[in-house]
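Okay, thanks for coming, everyone. Let me put the structure up and we can walk through it together.

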Amino acid sequence: MTDPIAPWGRPAFRPTGRRAGVTLIAFADEDVLSARPDLRLHGVAPKTAPTAALDLRVHRYADSPDWIDGWRTGPLRNIAAGQLDDLDRLDAASWCYSINVEVDDPTDLTHLQLAWAVAAMLADAGSCATLDAYACKWLPRSALVSLSPHRPFTIQQEVSLIAETEPQPGFGHPVHSRGMMKFGRPDLIAGVPADRIEDTARILNHLARMLAEGHVLEPGQQLRFDGRRTLAVTTYAPDATTPEVNLNNDGLLLVDV
């Protein structure tokens, strides 16, 4: 008898009414579901996972070439080049699977566990690469088939932190998160000089973890870090001095004060 899968909790949960969602896009050389049309989620996802919210769809290149290519070209391909070893196989993949789970103001993170369980099953069946669409992160097949359903939650698995190499006049280097939509929370962004990028990334990682656990940040708050740096929380609104980084989510701008 296998041990039940423990739900990833949100011990600091505060309701916001926001919707959370996860989208994973898996690529394959052939229809990997044909041999196992029935997904068996027992023992790979928590019993309380929102299976009714799971939307798994199959896409054939012959039917949807533009839709499929849109996920593996442009900026997403540039990211894939740094995270995948076999781009030729990604390019040649003629089948695609979209895994979507959306839930209202979740009190736990079982929707994420469910989505990853399905992605791992597809990888075990033969999918070659999977894109975490909100985090803009690629995972090779080997990373997914080795995922233990009993693993603890880690924010680094779910969210990407990006530091733009080119500074913006009057703003600095944009450092921002991607993927906070998965928790029903806004993404985080700050503009800093080059010598503060690493420290700022650590702060954003810490705050992302807090938000994932259910905390809420609101405009007007001030946050003190290590007794030497204070950041004010403001609404992220791109303008002449605040760059657009295409978060695909609303955001909070953190400003040194």
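So, where is the place of Val22? Val22 sits in strand E1, with helices (H or I, at least four residues) and strands (E, at least two) taken as DSSP runs numbered from the N terminus.

Quick housekeeping before I go on. This is a predicted model, where local features need pLDDT of at least 70, side-chain atom pairs count only at pLDDT 80 or more, and totals for chains, interfaces and linings use all residues. Residues are numbered from 1 along each chain as its sequence is written, and side-chain values use heavy atoms, with hydrogens and water left out.

Back to Val22. Is Val22 buried or exposed? Val22 has a relative accessible area of 1%, so we call it buried; the cut-offs are under 20% for buried, over 50% for exposed, and partly exposed in between, using a 1.4 Å probe and protein chains only. As for contacts, meaning heavy atoms within 4.5 Å, and leaving out residues up to four places away in sequence, Val22 touches Ile99, Asn100, Val101, His111, Leu112, Ala115, Tyr134 and Lys182. Val22 and Ala53 are 31 residues apart along the chain, and their C-alpha atoms are separated by 11 Å.

Next along is Thr23, also a residue of strand E1. Thr23 counts as buried because its relative accessibility is 12%. Its side chain makes a polar contact with the side chain of Asn100, at 2.5 Å. For that term, think of a pair of N or O atoms within 3.5 Å; within protein, one must be able to donate a hydrogen and the other to accept it, and residues adjacent in sequence count only if both atoms are side-chain atoms. Beyond four places in sequence, Thr23 touches Ile99, Asn100, Leu131, Asp132, Ala133 and Tyr134.

Let's pick up Asp132 from that list. Asp132 belongs to strand E4, residues 129-132, and it is buried, with a relative accessible area of 0%. Its contacts, again not counting residues up to four places away, are Thr23, Leu24, Trp116, Lys137, Gln157, Glu158 and Lys182.

Now zoom out to the sheets. Strands pair here if DSSP finds at least two bridges between them. E4 and E5 run antiparallel and are joined by 4 bridges, with Ala129 opposite Pro140 in E5.

Have a look at strand E7, residues 173-178: 6 of its 6 residues are buried. His173, Val175 and Ser177 are on one side, and Pro174, His176 and Arg178 on the other. E7 pairs antiparallel with E6 over 4 bridges, and antiparallel with E8 over 4 bridges. Val175 has Ala163 as a bridge partner and stands opposite Ala190 in E8. E8 and E11 pair in the parallel sense over 4 bridges, and there Ala190 stands opposite Leu254.

Last stop, the core. A nonpolar core is a set of buried Ala, Val, Leu, Ile, Met, Phe, Trp, Tyr and Cys residues joined through side-chain atoms within 4.5 Å. The largest one has 52 residues, and Tyr97, Trp116, Leu122, Phe183 and Leu207 have the most contacts inside it. H4 gives the most to this core, with 10 residues. A second, separate core has 15 residues, including Ile25, Ile68, Cys128 and Leu131.
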